Amino acid sequence: MRERVSNFRREYLAAICRRLLFVDESGVPNWADKDSPSSVSIGKELVELMPDAPAHSRLSPQEVGAQFQEITRRFIEGTFTALLHARPGTWRFDLGGHISQYYQYEHLALLDNLAKQYPDLRALLGAEYLVKPDIIIARHSEEDAFFDPEGSLFTEDSLPAPLTPARRANYRGYLLHAIISCKWTIRSDRAQNTRTEALNIIRNRKGHTPRIVAVTADPMPTRISSLALGAGDIECVYHIALPELKPSHRYRREPGPGRYAWHAGRREEAA
């Protein structure tokens, strides 16, 4: 199993290198902020640690974003399915789509229909409640036999869990398990968008909160921390190549009192 999951990771990074990662004539990779010397130096170091060579042609930012979502979705589906014995069930892994398709947010479709019918109501509500995540993981409700193979639990005399949407007898549809935001790079406005999306997911649900996750390729530690060190709105932030990123930078004292900055290279001094 370890080798199988490792293969998924190698294929994931190789696909990112071959299709998305581009290095210009100055050696600046497209996951670095060219206006930030620290971002450029760490980004270059990270390119050297990738398992495959960068692409020969540069995609537009929109194409990079769309393909990053699809490559990440396939990686998640592959690894999740390989470990299905740990979380059995009927799952699906989709790109985009409205959250109102899922149990916890079906009431938002009714709200949206009313807003379309009454423009004044739409102006009051806005449209922020209709979140369209980059990647969705959802689980279908299950037949009683899935939970009770012996047929002794769900009987006419004893009907436990009469309301849970996990039972297909109560609800025939999908429950939103996780939403994943894919950010090839992180800028302050994009970080704020991700947080706003997460807060709307939490605030507008009826039922349990789905897992709220972000994935990024940005090499700059301060940019990653702008998402990772939050107030609980985002559950997890993953870097596409964290084991490679860790040795590719260090936090070093700069001239002047109390000044530090991130630089490429092995870590020499802890923050």
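Is tryptophan 184 buried or exposed, and what is its relative accessible area? In this predicted model, tryptophan 184 has a relative accessible area of 10% and therefore counts as buried, the limit being under 20%.

**Aromatic contacts**

The structure contains 7 aromatic pairs. In one of them, tryptophan 31 and tryptophan 184 are tilted, with 5.9 Å between their centres and 40° between their planes. This pair joins distant parts of the chain: tryptophan 31 belongs to the loop between helix H1 (2-19) and H2, tryptophan 184 to the loop between strand E3 (174-183) and helix H7 (188-203), and 153 residues separate them. Both tryptophan 31 and tryptophan 184 are buried.

Tryptophan 184 also pairs with phenylalanine 68; the planes of these rings lie at 80°, over the 60 degrees required, so the pair is edge-to-face. Here too distant parts of the chain are linked, since phenylalanine 68 is in helix H3 (residues 61-82) and tryptophan 184 in the loop between E3 and H7, 116 residues apart. Phenylalanine 68 is buried, with a relative accessible area of 0%. Through these ring pairs Trp31, Phe68 and Trp184 form a cluster. The two pairs are set out below.

| Ring pair | Centre to centre | Angle between planes | Geometry |
|---|---|---|---|
| Trp31 and Trp184 | 5.9 Å | 40° | tilted |
| Phe68 and Trp184 | 5.4 Å | 80° | edge-to-face |

A ring also takes part in a contact with a charge: the charged end of arginine 92 sits over the ring of tyrosine 174, at 4.4 Å from the ring centre.

Helix H2 (residues 37-48) comprises 12 residues, and its first and last C-alpha atoms are 17 Å apart, close to the 16 Å expected at 1.5 Å a residue. Its buried residues are Ser38, Ser39, Val40, Ile42, Gly43, Leu46 and Val47.

Helix H3 has 22 residues, which should span 32 Å at 1.5 Å a residue; the 31 Å between its end C-alpha atoms agrees with this. Buried positions in H3 include Val64, Phe68, Gln69, Ile71, Thr72, Arg73 and Ile76, together with Gly78, Thr79, Phe80 and Ala82. In an α-helix, residues three or four places apart point the same way, because there are 3.6 residues a turn. The elements covering the buried residues of H3 include H1, strand E1 (91-95), strand E2 (135-140), E3 and E4.

**Pocket and cavity**

The largest pocket holds about 820 Å³ of space. It is lined by 28 residues, of which Phe75, Ile76, Thr79, Val213 and Tyr238 are the closest to its centre. Two or more lining residues come from each of H1, H3, E3, E4, strand E5 (236-239) and helix H9 (242-245). H3 contributes the most to this lining, with 5 residues.

The volume of the largest cavity is about 40 Å³. Its lining consists of Ile179, Ser181, Thr194, Glu197, Ala198, Ile212, Val213, Ala214 and Ile234. E3, H7 and strand E4 (211-216) each give two or more residues to it.

Serine 181, one of the residues lining this cavity, lies in strand E3. Serine 181 counts as buried because its relative accessibility is 5%. Apart from neighbours within four places in sequence, serine 181 is in contact with Asp134, Thr194, Glu197, Val213, Ala214 and Val215.

Key. Residues are numbered from 1 along each chain as its sequence is written. This is a predicted model: local features need pLDDT of at least 70, side-chain atom pairs count only at pLDDT 80 or more; totals for chains, interfaces and linings use all residues. Side-chain values use heavy atoms; hydrogens and water are left out. Helices (H or I, at least four residues) and strands (E, at least two) are DSSP runs, numbered from the N terminus. The expected span of a helix is 1.5 Å times one less than its number of residues. Buried means under 20% relative accessible area, exposed over 50%, partly exposed in between (1.4 Å probe, protein chains only). Rings of Phe, Tyr and Trp (its six-membered ring) pair if their centres lie within 6.5 Å; planes under 30 degrees apart count as stacked, over 60 as edge-to-face and the rest as tilted. A charge sits over a ring if NZ of Lys or CZ of Arg is within 6 Å of the ring centre and within 35 degrees of the ring normal. Contact means heavy atoms within 4.5 Å. On a 1 Å grid over the protein atoms alone, a cavity is a set of points where a 1.4 Å probe fits but cannot get out, and a pocket is an open set with protein on both sides within 12 Å along at least five of seven lines; lining residues have an atom within 4 Å of a point. Grid points are joined across faces, edges and corners, and a volume is the space filled by probe spheres set on the points.
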